[in-house]
Amino acid sequence: MDKCVLSTNERAFIHDTLEQIRIDGRQQYDYRSVNISFQQEKLGQVQVSLGKTKVIAVVSCDVAAPLGDRGTEGYLLFNTELSPMAGQHYAKQRNAQSEASIEISRVIERALRGSGAIDTEALCIVSGEKVWSIRVDLHVIDDHGNVMDCAHLAAITALLHYKRPEVTIGEDGKVTIHETQDRDPVPLSVHHIPICVSFGFLGDGTKCLIDPSLKEEEMLTGSMTVAANTHGQICAVQKGGGVPVHSSQILTCTKIAALKAKDLTDLIETSIRNDEKQRKFNKLPAYARPKEAPVKVKPVITKQELIDLNEMVDSDDEEEGEKDVVYLQELFDQDV
């Protein structure tokens, strides 16, 4: 699928500059800037920007019946939506849009569920009867290259940020799902954090670059996505066709992916910690309590009014009046 049309001069310029520096000023193995923002009303709603590429991830949950042969495992589902808003090329080729969205969903699913990063057995409520079904909807709102990595970052960040409702089972076997106002929600069980890093190959496959932009994708003769974690483990590899790549080149890519995974994991964890602090400070959802301590309110009284009250103290009951003034002074000066 041609995402953008490049002229002969543009192709020649991009190819020549790749020998020293890329058209956006990056080096061969430089990543574009990553920005993570959270929706303030609910947990599990994240927007990730990779350069100008933007993806929104929304996590939701529901109670479902497990599969017959996996009665203790919950569901972890991924759905990617590539709308024409992301790029005009998606409006022209609906079939290619469907193939690209399926490929993104499958790679993310293999990296997260296939590697055991998300503990699906922890999603069990009643063995063989009820389990949690976790669904991650990915909406690509701007495609400026490397949607795969941006969508994966949005998915894993949303899963780490999300918390499901607390569940209790009564003596009669009745399942009760508690509201977040009644009981604190429960985070998902995550064993490790795989990070997808995409590589693009030029010419005969000997020239390689990381995080290709939209125009660079049109120059590629092959691509590969490597999912690695901070422990240096390779969780998944996706070779998206194109020219064959030598084993030494693949080994180099896996080492680079492991290094990038550490940096991106630190960024995700730092962003989530900062959001948690902000939510606790603002008492946003998932951290509010049903019973809160009463808040003291300062009396609406100015210093001039306090002086006037002091002058109005009756000389016959001067001692009692001074006590009232001192009490008002304490109310005025106290910190709330």
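**Figure 1. The crossing of helices α4 and α6 is right-handed.** A crossing is right-handed if the near helix is turned clockwise from the far one by less than a right angle, and left-handed if anticlockwise. This is a predicted model, in which local features need pLDDT of at least 70 and side-chain atom pairs count only at pLDDT 80 or more, while totals for chains, interfaces and linings use all residues. Residues are numbered from 1 along each chain as its sequence is written, and side-chain values use heavy atoms, without hydrogens and water. The axes of α4 (residues 147-161) and α6 (residues 247-282) come within 11 Å and cross at roughly 40 degrees. The helix α4 is therefore oblique to α6. Leu153, Ile156, Thr157, Leu160 and His161 of α4 are in contact (heavy atoms within 4.5 Å) with Leu264, Ile268, Ile272, Asp275 and Arg279 of α6. Helices are DSSP runs (H or I, at least four residues), numbered from the N terminus. Axes are lines fitted to C-alpha atoms over the stretch in contact, with angles from 0 to 180 degrees between N-to-C directions.

**Figure 2. The model contains zero disulfides (pairs of cysteine sulfur atoms within 2.5 Å).** Cys208 is in no disulfide, and the nearest cysteine sulfur, that of Cys253, is 3.9 Å away. Cys208 counts as buried at 1% relative accessibility, and Cys253 counts as buried at 0%. Buried means under 20% relative accessible area, exposed over 50% and partly exposed in between (1.4 Å probe, protein chains only).

**Figure 3. Over residues 287-300, pLDDT stays under 50.** The predictor's confidence in each residue, pLDDT, runs from 0 to 100. For residues 287-300 the model has 16 contacts beyond four places in sequence.

Methods. Helices (H or I, at least four residues) and strands (E, at least two) are DSSP runs, numbered from the N terminus. Angles under 35 degrees count as roughly parallel, over 145 as roughly antiparallel, 65 to 115 as roughly perpendicular and the rest as oblique.
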